[in-house]
Amino acid sequence: MKYTLEEEYEYDFRLIGISCHEKDYRICWGLNNGLRLSLAKEEKGIEVLMKKTNEFSKHAVYSYFQEDTENEFTLLNNRSNAGYLVPEQAHADYLFMIKESYDVDILALISKIKSI
């Protein structure tokens, strides 16, 4: 007899993939102006050890916490010289993560991001 466990994960964030060949600081500037955010670069960023090359992959991180809505916005650089932060999303240059406590209209947000 064979049993299969099916587990559905619930995430407390939404993730939008952005394909754009601009530098991270330029896309951050565009998002700040277009979405009225104040994304700021974090000093450390993210370092991930790549199994294939045994090298560290460094990725820039920009974040902003909206005090009035308690929503948190994070822009992650998905690409580096050593590889991808999320290899399953290799088509996306950037990942825009939204942790929301106040509902965000995702379709309107995606539309605004596309216009940027």
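View A. Beyond its neighbours within four places in sequence, N32 is in contact (heavy atoms within 4.5 Å) with L37, S38 and L39. N32 lies in helix α1; helices (H or I, at least four residues) and strands (E, at least two) are DSSP runs, numbered from the N terminus. N32 is buried, at a relative accessible area of 16%. Buried means under 20% relative accessible area, exposed over 50%, and partly exposed in between, with a 1.4 Å probe and protein chains only.

The model is predicted: local features need pLDDT of at least 70, side-chain atom pairs count only at pLDDT 80 or more, and totals for chains, interfaces and linings use all residues. Residues are numbered from 1 along each chain as its sequence is written, and side-chain values use heavy atoms, with hydrogens and water left out.

**View B. The open sheet.** Five strands, with antiparallel pairing, follow the order β1-β9-β6-β5-β2. Two strands pair if DSSP finds at least two bridges between them. β1 (14-18) and β2 (40-41) stand at the edges; each has a single partner strand, so one side of each lacks a neighbour in the sheet. Strands β5 (residues 61-66) and β6 (residues 71-77) run antiparallel and are joined by six bridges. Within this pair, V61 stands opposite L76 in β6.

**View C. Helices against the sheet.** Helix α1 (residues 24-35) lies across β1, β5, β6 and β9 (94-99). Its direction makes about 155 degrees with β6. Helix α2 (residues 106-115) also packs on the sheet, where it touches β1 and β9. The angle between α2 and β1 is about 20 degrees. Axes are lines fitted to C-alpha atoms, for helices over the stretch in contact; angles run from 0 to 180 degrees between N-to-C directions.

**View D. Two faces of α2.** I106, L109 and I113 are the buried residues of α2. Seen down the helix axis, they fall within an arc of 60 degrees, so they line one face. The arc is that of the directions from the helix axis to the C-beta atoms. Their cover includes β1, α1 and β9. The face turned away from the buried side carries the exposed residues L107, K114 and S115. At the start of α2, a side-chain oxygen of D105 comes to within 3.4 Å of the backbone nitrogen of L107.

**View E. Cysteines C20 and C28.** The disulfide count is zero, taking a disulfide as a pair of cysteine sulfur atoms within 2.5 Å. C20 is in no disulfide; its nearest cysteine sulfur, that of C28, is 12 Å away. That distance is too far for a bond. C28 is buried, with a relative accessible area of 4%.

Definitions and conventions: A polar contact is a pair of N or O atoms within 3.5 Å; within protein, one must be able to donate a hydrogen and the other to accept it, and residues adjacent in sequence count only if both atoms are side-chain atoms.
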